[in-house]
Structures are given as structure tokens and as C-alpha cells.
Amino acid sequence: TWGLAMFSLDVPDETLDVYKHFKMKGAYKWVIFKIESKEKVTVESTGEPTSTFAEFAEKLPKDEARFAVYDMKVEQKDGCKMHKLIFFLYAPDSADSKDKFVYASGKSGFKSKIGSVHKELQINNHADLDEETIMKQFID
């Protein structure tokens, strides 16, 4: 088996700035990140605060891996509404195995640069990007 050694990805300030605007200011509903040349994380796309989960899922390529963060609004059974930040390692089965390896190997290093999230999910099939199923994981 291959060991998933953590390797360091270059995460430029402009990439971190977009994430900070997402997390601290609610400037975006989601951010999709792409690893370029197997070494540098860039912002591929962002979603306006009013965009939907369906729009987010549509932006993820069907056959390429990506990192993504999504701000999910969840209503608990008691009516309390909360924002939950979800980190996605999106690595569809149809993606190139070397591409998936780069994302899996770089995930820990990238997450250490962006800070904490409420939940981390690995999605291996585009059809698994189902908002209702994901939301159920947060409802108490």
C-alpha cells in the first residue's frame, strides 16, 4: 500500500485571503480549491452567499479531485439555526489516481493552513453530493 505522507503544498496569501473572507466575513457560500502543478493551491471558484448546494455541486468537476469548503446552514430539532463549515476532499473514483494521491497527501497540510472546520467529508462519487444526506449528519 502507498503511505499517505503529508507533503507541503504552497498556499499563496491570496488563496488564504479568500478563505478568510469566506470564514470570517461570510463573503461566500463556498470555495473550491484546485492544486496546480502538483504543488500550489489556488481558488478555482466561489459561490455568492445566496448560492445553493446544487450550484456548488455543479461546479465540482465530475472526473477531477478538489478541496472545497461549504457553509451549511442547519436547523436543529429544537429550531436553533447554526452555520457549519464543511471541508470536502472531493476525489471521484473516475479521477486520475495520481491526482487523487496528490490531494489525499496534501490534505493535512492544507487543512493546517486554513484552520478548523466543523466536519470533514471525503466524497468519491459526484452522486454522493446530496445536501439532505450531508445535513442529516449535523442534526441532533
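1. The buried residues of H1 are Thr15, Leu16, Val18, Tyr19 and Phe22. Buried means under 20% relative accessible area, exposed over 50%, and partly exposed in between (1.4 Å probe, protein chains only). They cover an arc of only 155° around the axis, which puts them on the same side of H1. The arc is that of the directions from the helix axis to the C-beta atoms. Helices (H or I, at least four residues) and strands (E, at least two) are DSSP runs, numbered from the N terminus.

2. A word on the source. This is a predicted model: local features need pLDDT of at least 70, side-chain atom pairs count only at pLDDT 80 or more, and totals for chains, interfaces and linings use all residues. Residues are numbered from 1 along each chain as its sequence is written, and side-chain values use heavy atoms, with hydrogens and water left out.

3. The other face of H1 comes next. Turned away from the buried side, it carries the exposed residues Asp13, Glu14, Met24 and Lys25. The cover over the buried residues of H1 includes E1, E2, E3, E4 and H3. Just after H1, Gly26 takes a positive phi of about 65°.

4. The length of H1 checks out. Its 13 residues should span 18 Å at 1.5 Å a residue, and its end C-alpha atoms are 17 Å apart, which agrees. The expected span is 1.5 Å times one less than the number of residues.

5. Now the whole protein. It has 4 helices and 5 strands. From the N terminus on, the elements run α-β-β-α-β-β-α-β-α. The radius of gyration is 15 Å, close to the 14 Å that the globule rule gives for 140 residues, so the protein is as compact as a globular protein of that length. That radius is taken over C-alpha atoms; the rule is 2.2 Å times the number of residues to the power 0.38. Buried residues make up 41% of the 140 residues.

6. Contact means heavy atoms within 4.5 Å. Of the contacts with a separation of 6 or more, 63% are between residues 24 or more positions apart.

7. The largest nonpolar core has 21 residues, and Phe33, Phe67, Val69 and Phe110 touch the most other members. Such a core is a set of buried Ala, Val, Leu, Ile, Met, Phe, Trp, Tyr and Cys residues joined through side-chain atoms within 4.5 Å. At least two residues of this core come from each of H1 (13-25), E1 (30-36), E3 (66-75), E4 (81-90) and H3 (97-114). A second, separate core of 18 residues includes Ile32, Ala68, Val74 and Leu129.

8. Which residues does Phe110 touch, not counting residues up to four places away in sequence? They are Leu9, Val11, Phe33, Val41, Phe67 and Phe87.

9. The whole structure holds 4 salt bridges. A salt bridge is a side-chain nitrogen of Lys or Arg within 4 Å of a carboxyl oxygen of Asp or Glu. One joins Arg66 and Glu44 (2.8 Å, N to O). Arg66 lies in strand E3 and Glu44 in strand E2 (residues 40-47), so the pair ties together parts that are 22 residues apart in sequence. Arg66 is buried, at 3% relative accessible area, while Glu44 is partly exposed at 35%.

10. Arg66 also pairs with Glu64, the closest N and O atoms being 2.9 Å apart. Glu64 is partly exposed, at 31% relative accessibility. Shared partners join Glu44, Glu64 and Arg66 into one network of salt bridges.
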